[in-house]
Amino acid sequence: MGLVIRRGPSKQVATFRWNRDTDEFQLGQWLKGRIYERRCDISPDGKYWVYFAMNGKRNTETKGSWTAVSKTPYLKALALFGKGDCWYGGGLWINANTYCLNESFVSKHFLIRDCNLVRRNKTRQISHRFGGECPGLYYPRLALDGWTLLEEEIHDAQRCCNVFEKDIFAGWILRKYAHADNSRSDKGCYWDEHELIHKETQKFLGFPHWEWADRDRDRLVWATNGKLFAANLTTTGMENETELHDFSNIKFKPLHAPY
């Protein structure tokens, strides 16, 4: 199972369950607010996910931002932790039923409600090497997902980014440039771009508009322009490119979780 987070307009976001065996997609729920996709994680068996969100409503029980653990692909919290600000937040899965929260000694969550389906490991600490915003959780999650940090903090007149690589198949390396800057007017502060490099032929394929990309078993999958795609790779390049789903035209709809 995978989980798709579809944002737009900027203060509305929807979630989808992605059955990667059949490429079927099931709408979860909408949120009028922001889900910080780089501070989310799905459990290894795909049953649960942890996410960090903000709606700015300071007079509510969460104080305007929160970390929740829910059943995939829904937003209704099984476990709910208020945050009140946008430092740190979110979490990572340790195994199928155990997670840890992203917080520091001076920036903690407060428990609102808990459940017995999953449990929090309170002793496991997430590295704060990359700070208290999105890279602080996103980069450790990339490492857990098999990405290798190739180069840290490329700085020039316009860029600030970290470079990650993953061996995929047919001799290709998928390279990710994880930016933390405002060098592109069509992007926010945190954004990615990608390229493919063949290890033997050194053939290069650049994809500056891919918002996300990864290996899915024996295929390459990526997101761009509100759509999700897949393709096979051979030694010469990409073949059998397929549009898996178009998320661009859906509209907000209040939905209830079935639990």
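Biologist: What covers the buried residues of α1?

Modeller: This is a predicted model. In it, the cover over the buried residues of α1 includes β5 (41–42), β9 (91–95), β14 (160–167), β15 and β16.

Biologist: How many residues of α1 are buried?

Modeller: Buried means under 20% relative accessible area. Nine of the eleven residues of α1 are buried, so the helix is largely enclosed by the rest of the structure. Find Cys 134, Pro 135, Gly 136, Leu 137, Tyr 138, Tyr 139, Pro 140, Arg 141 and Leu 142. After α1 comes Gly 146, with a positive phi near 95°.

Biologist: Which residues have the most contacts inside the largest nonpolar core?

Modeller: They are Tyr 139, Ile 168, Leu 174, Leu 196, Leu 220, Trp 222 and Leu 233. The core has 20 residues. Two or more residues come from each of α1 (134–144), β15 (172–180), β19 (219–224) and β20 (227–234).

Biologist: Take Ile 168. What is Ile 168 in contact with, leaving aside its neighbours within four places in sequence?

Modeller: Ile 168 is in contact with Ile 173, Leu 174, Leu 196, Arg 215, Leu 220 and Leu 233.

Biologist: Now the cavities. How many cavities of 30 Å³ or more does the structure hold?

Modeller: A cavity is space where a probe fits but cannot get out. The structure holds one of 30 Å³ or more. The largest cavity has about 40 Å³ of space.

Biologist: Which residues line the largest cavity?

Modeller: The lining is Arg 38, Cys 134, Pro 135, Tyr 138, Tyr 139, Ala 178, His 179, Tyr 190, Trp 191 and Asp 192. α1, β15 and β16 (190–198) each give two or more residues. The most come from α1, with four. By type, seven lining residues are nonpolar, one is polar and two are charged.

Biologist: What about pockets? What is the volume of the second largest pocket?

Modeller: Its volume is about 360 Å³. It is lined by 19 residues, and the closest to its centre are Leu 31, Tyr 51, Trp 66, Leu 75 and Lys 76. β3 gives the largest share of the lining, three residues. The lining divides into eleven nonpolar, five polar and three charged residues.

Biologist: Next, salt bridges. How many salt bridges does the count come to?

Modeller: Start with the idea. Side chains of opposite charge can pair when their charged atoms come close. Here the count comes to 18 salt bridges.

Biologist: Where do the partners Asp 216 and Arg 20 lie?

Modeller: Their side chains meet in a salt bridge, 2.6 Å from N to O. Asp 216 is in strand β18 (residues 212–216), and Arg 20 is in the loop between β2 (13–19) and β3 (24–31). They are 196 residues apart, so this pair links distant parts of the chain. Asp 216 counts as buried, at 3% relative accessibility. Arg 20 is partly exposed, at 28%. Both belong to a network of salt bridges that links Arg 20, Asp 21, Asp 23, Asp 216, Arg 217 and Arg 219.

Biologist: Asp 192 was in the cavity lining. Which residue forms a salt bridge with Asp 192?

Modeller: Lys 176 does, with the closest N and O atoms 3.6 Å apart. Asp 192 lies in strand β16 and Lys 176 in strand β15, so the pair ties together parts that are 16 residues apart in sequence. Asp 192 is buried, with a relative accessible area of 2%. Lys 176 is buried too, at 1%.

Biologist: Last, the backbone. Which peptide bonds are cis?

Modeller: Most residues other than glycine have a negative phi, and most peptide bonds are trans. Cis bonds here include the one joining Gly 8 and Pro 9, with omega about -5°. Pro 9 is in the loop between β1 (2–7) and β2. The bond from Thr 72 to Pro 73 is also cis, with omega near 5°. Pro 73 is in the loop between β7 (65–71) and β8 (79–82).

Biologist: Where does Tyr 88 lie, and what is its phi?

Modeller: Tyr 88 lies in the loop between β8 and β9. Its phi is positive, near 55°. Tyr 88 counts as buried, at 14% relative accessibility. Asn 240 also has a positive phi, about 55°. Asn 240 is in strand β21 (residues 237–246) and counts as exposed, at 55%.

Terms used: Residues numbered from 1 in each chain as written. Predicted model: local features only at pLDDT ≥ 70, side-chain atom pairs only at ≥ 80, totals over all residues. Heavy atoms only, no water. Core = buried A, V, L, I, M, F, W, Y, C linked by side-chain atoms within 4.5 Å. Buried < 20%, exposed > 50% of the residue type's maximum accessible area, 1.4 Å probe, protein only. Contact = heavy atoms within 4.5 Å. 1 Å grid on protein atoms, 1.4 Å probe; cavity = no way out; pocket = protein on both sides within 12 Å on 5 of 7 lines; lining within 4 Å. Points joined across faces, edges and corners; volume = space filled by probe spheres on them. Nonpolar A, V, L, I, M, F, W, Y, C, P; charged D, E, K, R; others polar. Salt bridge = Lys/Arg side-chain N within 4 Å of Asp/Glu carboxyl O.
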